[in-house]
Amino acid sequence: MIAATATRAGDTLHVHGELDFASVAALWETTRLWFRAESIRQIDLSGVHRSNSAGVALLATWWRTAHRDQQALTFVNVPAQMRAIIQVAGLESILPLA
Amino acid sequence: MSKLIINGGVPLRGELRASGAKNAVLPILAATLLADGLVTIRNVPHLQDVTTTMELLGRMGVDLVIDERMNIQVDPRTIQTFHAPYELVRTMRASILVLGPLLARFGQAEVSLPGGCAIGSRPVNLHIKGLEAMGADIKVENGYIRARADRLKGAHIVLDLVTVTGTENLLMAATLARGVTIIENAAREPEVVDLANFLSAMGAKISGAGTGTLVIDGVERLDGTHYQVLPDRIETGTYLLAGAITGGRVKVKDTRPDTLEAVLVKLEEAGAWVNTGPDWIEVDMAGRRPKAVRIHTAPYPAFPTDMQAQFVALNAVAEGTGMITETVFENRFMHVQELQRMGAQITLEGNTAISIGVPQLTGAPVMATDLRASASLVLAALIADGDTVVDRIYHIDRGYDGIEEKLSHLGARIRRTPD
């Protein structure tokens with residue numbers, strides 16, 4: 001069963017499903033190719049129906065990759081559950097949330 | 001008493017394999033007490049704390065078999081006593097993790113209070129309050145927690161503070177409780193998730209692992225299982241930092257890059273080139289001196305408190321001024337005084353260590369005061385001019401599997417003096 005998927009439309013990555021320790025490693029391996037091939041400017045998380053701390057770690061990975069390539073990146077439609085974890089971890093000043 | 005003697009100045013280069021996570025394997029070993037069958041744990045690190053846990057279980061009568069590859073087979077059905085004595089608990093606070101499983105499975109437990117801790121107050125009252133909410137009758141007397149329960153019952157528990165071992169103890173206890181337990185303000189660390197995965201492999205019904213709310217639907221019994229422990233993210237981070245601090249290139253295999261993101265961000269800020277694959281991380285400093293970084297420790301997935309001391313060592317020799325603020329534990333800067341003895345320019349302002357990087361540290365006799373502090377002294381020694389003698393390395397043996405072998409493999413000049 002695939003718990004999480006990502007689709008690309010232009011410079012936006014749309015993420016769907018559940019982000020947890022089982023799904024984020026595979027999702028990162030899939031999406032890193034897109035980061036390498038062309039710029040991703042926005043990640044839309046409206047399709048994420050559940051996430052744990054691993055999902056927030058994945059946001060940090062995407063941010064680090066974009067930051068390294070000197071690309072602007074914004075996370076949009078961040079679910080409340082993910083925002084709560086981001087806040088507890090003190091990452092709201094680092095992760096660019098719209 | 002054994003010491004490590006390190007002659008610094010060699011850029012570390014090469015590859016090594018991450019061991020299993022100490023902070024995952026200890027609760028998992030405690031959780032084997034819940035099983036009504038044989039449990040086999042793989043990827044167990046060779047650590048003093050693992051030996052202590054095995055002694056603790058063995059003294060209770062639990063049958064343990066360990067093979068040459070550090071796979072441990074546990075048969076908890078042979079248990080005879082439910083007692084965790086002071087002489088073991090005082091050497092390893094994680095011994096408290098047997099409290100929940102003993103109470104849930106056997107209805108009784110007598111566990112010594114852990115006592116003082118070098119890195120600050122970590123009270124066990126949250127464990128006790130949570131178990132009482134689940135129906136346990138608990139008395140604290142003569143230095144022991146004495147607990148009894150017919151069968152624990154599900155409860156709604158809100159933890160006042162985020163506590164990893166508290167979350168783990170209550171999670172384990174709830175798996176065999178009657179009804180549903182909800183734990184709010186739960187710890188979200190990967191090792192808590194690994195414990196939940198292990199419990200689920202035995203038949204537990206758990207949702208929400210890695211979030212702030214755990215929901216556990218208690219079951220009648222848990223079965224034996226085979227389980228492989230998560231790689232150690234702190235050990236991985238420490239060796240990556242050893243590469244960065246010495247201007248070298250280190251690749252750690254059999255690890256999980258997604259559990260170490262905040263550390264990788266800071267390594268890049270320090271000027272390291274970082275590359276990752278599905279199960280490996282490589283750091284290359286290409287001979288450059290690191291740049292100083294600013295860090296706030298916080299719960300996962302932010303920067304881990306267990307990597308703070310190692311980055312204090314990096315800032316000590318980095319270009320510029322670095323600041324590291326410890327927000328998780330009090331009194332966790334005991335390595336600073338020892339680093340100052342090696343020539344580091346570090347001042348403490350409350351819970352923040354401010355470092356003005358110096359180009360070179362000098363070797364000195366230093367003393368390890370806790371596990372991660374001792375790792376920072378080893379890192380500093382790797383770049384110091386001359387010999388550094390690190391005393392009281394039993395601390396480092398609690399958390400680093402074969403540290404001198406692994407560092408030697410990367411080219412470090414390090415040896416251990418016999419007892």
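Start by selecting A:I43, A:W62, A:F75 and B:L199, which touch the most other members among the 113 residues of the largest nonpolar core. A nonpolar core here is a set of buried Ala, Val, Leu, Ile, Met, Phe, Trp, Tyr and Cys residues joined through side-chain atoms within 4.5 Å. Buried means under 20% relative accessible area, exposed over 50%, and partly exposed in between, with a 1.4 Å probe and protein chains only. Helix 2 of chain A, residues 53–68, supplies the largest share of this core, 9 residues. Helices (H or I, at least four residues) and strands (E, at least two) are DSSP runs numbered from the N terminus.

This is a predicted model, in which local features need pLDDT of at least 70 and side-chain atom pairs count only at pLDDT 80 or more, while totals for chains, interfaces and linings use all residues. Residues are numbered from 1 along each chain as its sequence is written, chains are lettered from A and ligands numbered from 1 in the order in which they are written, and side-chain values use heavy atoms, with hydrogens and water left out.

Stay on A:W62. Leaving aside neighbours within four places in sequence, A:W62 is in contact (heavy atoms within 4.5 Å) with A:L13, A:V15, A:L27, A:W28, A:T31, A:F35, A:I43, A:L73 and A:F75. Another core, of 67 residues, lies apart from the largest one; select B:I245, B:A368, B:A380 and B:V390, which are among its members.

Next, go to A:S46, in strand 3 (residues 42–51) of chain A. With neighbours within four places in sequence left aside, A:S46 is in contact with A:V76 and A:N77. The C-alpha atoms of A:S46 and A:N77 are separated by 5.0 Å, although the two are 31 residues apart along the chain.

Now the aromatic rings. Over all chains, the whole structure holds 4 aromatic pairs. Rings of Phe, Tyr and Trp (its six-membered ring) pair if their centres lie within 6.5 Å; planes under 30 degrees apart count as stacked, over 60 as edge-to-face and the rest as tilted. Select A:F21 and B:Y300, a stacked pair with 6.2 Å centre to centre and 25 degrees between the planes. This pair joins two chains, because A:F21 lies in the loop between strand 2 (12–19) and helix 1 (24–37) of chain A and B:Y300 in the loop between strand 18 (294–296) and helix 10 (308–317) of chain B. A:F21 is buried at a relative accessible area of 8%, and B:Y300 is buried at 3%. Then select B:F303 and B:F311: the ring centres are 5.2 Å apart and the planes at 85 degrees, so this pair is edge-to-face. Both B:F303 and B:F311 are buried.

Move to helix 4 (residues 99–106) of chain B, which is largely enclosed by the rest of the structure, because 6 of its 8 residues are buried. Those to select are B:L99, B:G100, B:P101, B:L102, B:L103 and B:A104. Their cover includes helix 1 (22–31), strand 7 (108–112), helix 5 (125–133), strand 9 (144–148) and helix 6 (164–175) of chain B. Just after helix 4 of chain B, B:G107 has a positive phi of about 75 degrees.

Finally, show the whole of chain B, with 14 helices and 24 strands. The C-alpha trace of chain B spans about 65 × 45 × 45 Å along its principal axes. Of the 419 residues of chain B, 62% count as buried.
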